[in-house]
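My notes follow in the order I made them.

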Amino acid sequence: MSRQLQPKTDQGVVFNIQRYSIHDGPGIRTTVFLKGCPLRCFWCQNPESHRKEPQVSLNSDACALCGRCVSVCPTDAISLGTKSSAIDRDKCSGCGKCVQACPNDARSLAGTILTVDEVMRQVFKDVRFYENSGGGVTLSGGEPLYQADFALSILQRCKDSGLHTTIETCGCVSWDVMKNILEYTDLVFFDIKHLQPARHLEGCGKSNSLILANAKKVAECKPIIVRVPLIPGFNDSSEAIAEIAQFVKTELGAVEVELLPYNKMGEVKFERLDKKSVAKQTQGKDYLEGLRVVVADLLGSSV
Amino acid sequence: MAAKVSNKTVSVKTETTRGQRIWGRYLEKRLSPEAGKVSIEWPRLITAGHRENTALPAVLRKAKMFEKQCLDVRLTIEDDEQLLLGSVALEPWAWRWNVNWSGRDWVMQEIASGDLADVVNEEDVAEVKEICEYWKDKCADDIYHAWLKENGWNDFALQQCEPGVCSANLWATASTSPGMEVADYEKMLRIGLKGVIVEVEEELQQTDVVEEGSVRKRDFLLALRIVLRASIRYAERNAEFARELAATATGKRKAELEKMAETCAWVPANPARNFQEALQASWFVRCFEEMDQKTPITTPGRMDQFLYPYYKKDIEEGRITREEALELLECYRVKMSMTRYFVNKLVRDFASQVQVTNVTIGGQTPDGKDATNEMSYLFLEAAMGTRTAHPTLSVRVHDGSPREFLLKAVALLSTGIGFPAFFNDTSMMASWSQWGVPLHDLRNYCVTGCVMPIIPGKTGYSGWMYINCGKAVELALNNGIDPRTSIKGGVATGTFEDLKTFDQFYAAYKKQLEHIIEQTWPKTKAAVVHVASESPTLFDSALIADCIQRGKSCMAGGGGGHYFNDLLLPIGQISAADSLTVIKKLVYEEGKIGKQELLKALAANFDGYDDIRRLCLEAPKYGNDEDYADAMAVDLIAFLNDCAANMEGFLGRKARMLGLSYAMHQGFGRPTGALPNGRLAGMTLNDGSVSASQGMDVEGVTALINSAGKIDQMSDFCDLMNVKFHPSALKTKDDQVKLLALIKTHFQHGSKHIQFNVIDKATLVDAKENPLEHKNLLVRVAGYSAFFTALDPPIQDEIINRTEHTLS
Ligand code: SF4
Ligand code: SF4
């Protein structure tokens, strides 16, 4: 827990390892979620993944104001409010001591520093499941390529053992990084959120030019599935979706497009990290079906 | 979504099958005031049969009691669309009471306490009392208890302990029963009961009265003849009944009834000639088993195997369509789901039907080929169509099982019905081979009860006892004294303070287990002997190998040595293993909890000891693919296996360990105090035998499966693995394919069994609050499925709390 993050390639920050992951690529997989992301999408489902460092998250409803966390915190980052304890994020070093101390599970640590060996030990536990199902390993995030060297080491180790590898990327990394990674990657889930550069900048904190350029290059050399998170009021109009489908059709060729309906999970998590997200309605079944038809009309049946 | 007018609004489906309609109507009757009462007619006839034949030896008297029911019981048919005749339930959802077994004392108590008011009709109360009075000192329960008393022994559990705390051999009591055998249906269909009567008579002719053995043998054979003849008469009565109904019926129904009459006039007396006859005869067997014995666990075995030849012939000769066969199977499912056993309130509350009937499909033929056939698929489809709880299905999996078949089984699972369960042929057969059963018989195994392997037509009676592994932890911590009652239920192994190392503590724990076994097993065996002479199983004995030739019932050594199942059934072994891990790590290795501190915390049910409980809960637990905790479970289960191997069974056999929980994890959980694994007093113990303690497997299903794989299941008789799945992990075909890979990987580890509950938490919580809207909701409880709303709250909570293995 008290290990500090070193600028080395053999360790990185992981915020979750999900076993029996069945919706992140072929077969039964283990998905390794790496922390840190270059984008700041306002709807993000995993806001605790934004920063690369481990972070404490607080469920203020569960806090009973017992004060134990205050007394163990080495940097005096915690104070007791009237309803719940609070964290001064500038002071917090992410050591995790308060998480251990809390008797009410109000605190949890998003992100653990793990070595590549430690990650692989988890990954190898389910090899038989991968073998029997045609599964493997998926790197997700955050943005897995944000810890490029760490990600590369994990993927190399997977390929050394002949495991199928998948990455889920937002595409917002330099082509050099992407290129290296692709050498050890069998399948790429590639997020495209908006085709309009200005809207993309507005919603995600960065322009989409690098992303779209990378998408084209990836599609040239690796199997790619485009994923579109449907964000109410941002990109879930049929025009915005049609634009993306059109881009896929003309620039990427016959690749699969997955529309991911919005869910509200991220909002709760944002609150726990003292951030704000914009509450939105989820899309109805019929509406979703309509969007799928828009894509299907443009691309054929690959939705 | 259509507006709901009232609770009574029933969604109208355009296309329903016959089975769905019958079952739907039967379900509706469940809520009517006249439903769900004790059926007085059975105990009345059983009592009359006994009273009229007191002069006869027990075995013949028992045959006469059977005959009385066959000849005099009222004939009914539960629905105008039903195609099968013969009843085990005379009124809708009636409780069936085999008074010759038990009930005499607890029924009187429950009448006095008012607990029976909603179950017994007002006008029947006087007769119920009179029946109870008659059976005083005559029913199996009383005979057994009188015998215990004569030996100076307490009830069926430990000598100084309360009944049902440390151990239980339930079959001698109200809750469940003997019938674990599976009759030779194949033979019955092939030669008919008349053919069996011929065998009995040949044996009779060769059996001269010479000495005691031959006298008893003749009595037994005469009894079989009475039973077989009465069985045939019962079928004939049903044929006459159908003919009467046909006389006033019109159109299609008239033709159906005529066909039914013709069928019952022919089988089971004669060899079955077609599929309907084969299925009707099979259903009659179930009726006869009910009339003969208290048999909620008897199962028909490998139905896809013995029915298939009749189906195939009918199809080839154009006598039946696939749809018609399916319709009949659906009728059979409804019939199977109608029985309810009258048991005491305790059991009534936690098990809605107290019944486990199990049909095994798939697997291998005796010569090692894949056995899957069209009938195997039809059984899956009939279950998908009717969604009845019974019979549950067990799918045998081997390397040559067709993928299509297995995926269809997974698709049935994903409907949320709670079955099929999957069994691993390789591992199941490996353990039997230790006991010298020949390969062609091994390949023919089926499953009875929750997970008990059995050779159809061969395996005889079982003596079995449950032991409470959780209570043994309490005894080891307290020098053999049960802290709940201060009774010395265990053996003195030293105080917790005295036990200086974990090894010493573990040795003390093992001694407590051994003590419980030593105290209970001889009584269990003696009970088998007494019951076998007083209430021998007759009908099934006619269809179990060697019984006729030996002149002994399948309870008393018919069937032969290889096939006897004497069982040790440990309950709470994972709760115990986790508790041992906590003691080892936190008390002995790390000293984080003091011995006295732990004892106090447990005595206080952790009240005021939140920190200690937190430490206990956070300590490593079995089921997370972590060797430290898994090793404890591996070792404890191996030890239990050795314990069984040291128990002398009947006919020179050693007992076997069978891992399951039935509903005993609740029964034993109730009197068991707080345990070091963080479990609170009175809560259920772990369910299944290799699944994790409730909610303790936090690393996901693959981790749980890897943990279970570390246990040497190849040596166990069988184990039970219960996994709960959220429906979102099983929605698409792709998900189902992955689940199949999961099952196969589980089996590669040598594991024997896996079953799934596919239901989401929200649905269950809602069902608990609004039972009326979920009366159809089936869940897997242990080896059986039950109506969720009919379960009592602790079991409901437990099912809700079982870890949901799912994404997001
Ligand atoms: S993680 Fe460490 S530094 Fe941050 S608040 Fe908790 S105890 Fe203090
Ligand atoms: S330790 Fe937990 S419950 Fe206590 S004040 Fe801190 S966050 Fe709240």
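I started at B:P268, in the loop between α9 (251–266) and α10 (275–292) of chain B. The model is predicted, so I read every angle here as a computed value. The bond that joins B:V267 to B:P268 is a cis peptide bond. I noted omega there at about 5 degrees.

Next I went to B:P391. I found this proline in the loop between α14 (374–386) and β3 (392–397) of chain B. Which kind of peptide bond joins B:H390 and B:P391? It is cis, and omega is about -10 degrees.

I kept the background in mind: most peptide bonds are trans, and most residues other than glycine have a negative phi.

Then I turned to phi. B:F606 has a positive value, near 65 degrees, and is not a glycine. I placed B:F606 in the loop between α22 (595–603) and α23 (610–618) of chain B. Is B:F606 buried or exposed? Its relative accessible area is 2%. The cut-off for buried is under 20%, so B:F606 is buried.

My last stop was B:D625. This residue sits in the loop between α23 and α24 (627–645) of chain B. Phi of B:D625 is near 60 degrees, again a positive value in a residue other than glycine.

Technical notes: Residues numbered from 1 in each chain as written. Chains lettered and ligands numbered in written order. Predicted model: local features only at pLDDT ≥ 70, side-chain atom pairs only at ≥ 80, totals over all residues. Heavy atoms only, no water. Helix = DSSP H or I, 4+ residues; strand = E, 2+ residues; numbered from the N terminus. Buried < 20%, exposed > 50% of the residue type's maximum accessible area, 1.4 Å probe, protein only.
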